[in-house]
Amino acid sequence: MNTQRWMSRQFFSFFMTWGVFLPYWTGWMIHIKGMTVSQASLIMSLGLAIRGLATLVAFPYLSGKFSSRTLLNGMAIGTLIAILCYIPANSFTSLLVVTLLLHFFYPALMPALDSAAGILVQSKQLRDYGKSRSWGSIGFVVSGMVLTFFTGALGDEAILWALVLGMIVFLSLGFMGIPVVLSAKPKTGQTKGAIKKLFSIHHFGLVLIIVILLQAAHASYYNYGYIYLQEIQAPKYLIGVIINIAVIAEILFFFIADRTFRKFSIGSLLALAALGSTARWILVYAFPHVIVFAIVQTMHAFSFAMAHYAFMKYLIKHVPHEQVPITQGIYSALALSWSTAVFTIFGGYLYEMEPRYAFIGMVVCTIPAALLAFVYRRLEGKKKSTQTRQQVI
């Protein structure tokens, strides 16, 4: 089996669905289900809270009981059932319940895929994580482009059916061949005390705080970018294209990352990500224009892709094989779920005051992240100097 191709295919098919859900789902609830901005924000924020619990507690626990193959297929089935439950849901309460169910299964597929990739890299079966991950970004772009055509022709009702179809495809591929190492059941007791062990790893806590802040800074963009583009009168047929500029930048970054940034320290990558993210949200606030927003989308390569790549580089370098799932669970729960949930509510409050405030408000995350990244970069330099001296002695 060509493991590189398999991993690329899995990333591609999953992010085909994520390209529908992430930028469009809040808008779908507002336009199709009749929710207000504040109601949709609350629903998505509570969903993110459940997502955090699922990825921090349920995913690592299940990773210690079942193989990666079983987990991926099981969570995909649960996701498809939850999506179908949206069809009869029309009230705030029913939409909230279904969203909580969806967030238990669906987002956990992301750390499951990254865990699989990390294990394959450590076992020397996957050469380039970045190249495979770039296919995930390509899937995100493809789905957005296709969805733009269908929403333009059929309206926002197409969003739900696109997500259903995408998940059926992902689930179908999941029952095909898989690398043998991912079919193996984990050893009993390998996750016992794993969280405590993680925080004893070299500066794990500091790196985790930095990536939490960097990923939380995307809360307003993920949840309000779609409706903000409508606010600044972007042509509807171009909204999907504009959103996907960010993902194209992400694709290009991941495609060249392993080759171009191999010699960059983790601290340097995190610092660059934080500076790029800060500049991104300042520009969106300062220049509320469709063209500027489109240009600034290229900075997603820094604000998201570089931050994610830096954390994966840290994980591969410092985290033992058996602790990869729990690490991904913590990262997904704290950086991609709970912190985003908190700042989604914060961003929603600012958005209702003035849409641009939702974006400039995100610098409360990025500026501290930049300062901490420079601290970590300095600590890395000291450690490297110490190791060099010891080798000379």
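Residues are numbered from 1 along each chain as its sequence is written. In this predicted model, local features need pLDDT of at least 70, side-chain atom pairs count only at pLDDT 80 or more, and totals for chains, interfaces and linings use all residues, while side-chain values use heavy atoms, with hydrogens and water left out.

**Core**

The largest nonpolar core has 136 residues. Such a core is a set of buried Ala, Val, Leu, Ile, Met, Phe, Trp, Tyr and Cys residues joined through side-chain atoms within 4.5 Å. Buried means under 20% relative accessible area, with a 1.4 Å probe and protein chains only. Phe14, Trp18, Trp25, Tyr106, Phe253 and Leu270 touch the most other members. Helix H1 (residues 3-31) supplies the largest share of this core, 14 residues. Helices here are DSSP runs (H or I, at least four residues), numbered from the N terminus.

Trp18 touches Pro23, Arg51, Tyr106, Pro107, Met110 and Phe140, leaving out residues up to four places away in sequence. Contact means heavy atoms within 4.5 Å.

**Helix pairs**

Two packed helices are described by the angle between their axes and the distance between the axes. Axes are lines fitted to C-alpha atoms over the stretch in contact, and angles run from 0 to 180 degrees between N-to-C directions.

| Pair | Angle | Axis distance |
|---|---|---|
| H5 (residues 109-122) and H16 (residues 324-353) | about 140° | 9 Å |
| H6 (residues 129-154) and H7 (residues 158-174) | about 145° | 9 Å |

H5 passes H16 in a right-handed crossing. Right-handed means that the near helix is turned clockwise from the far one by less than a right angle. On the H5 side are Met110, Pro111, Asp114, Ser115 and Gln122; they meet Val324, Pro325, Gln328, Ser332 and Leu336 in H16.

H6 and H7 also cross right-handed. Leu147, Phe150, Thr151 and Leu154 of H6 make the contact with Ala158, Ile159 and Ala162 of H7.

Gln328 lies in H16. Gln328 is buried, with a relative accessible area of 1%. Its contacts, apart from neighbours within four places in sequence, are Phe59, Pro111, Asp114, Ser115, Met312 and Leu315. The C-alpha atoms of Gln328 and Asp114 are 7.2 Å apart, although 214 residues separate the two along the chain.

Ser45 belongs to helix H2 (residues 37-63). Ser45 is buried too, at a relative accessible area of 3%. Beyond residues up to four places away in sequence, Ser45 touches Ala341, Thr344 and Ile345.

Definitions and conventions. Buried means under 20% relative accessible area, exposed over 50%, partly exposed in between (1.4 Å probe, protein chains only). Helices (H or I, at least four residues) and strands (E, at least two) are DSSP runs, numbered from the N terminus.
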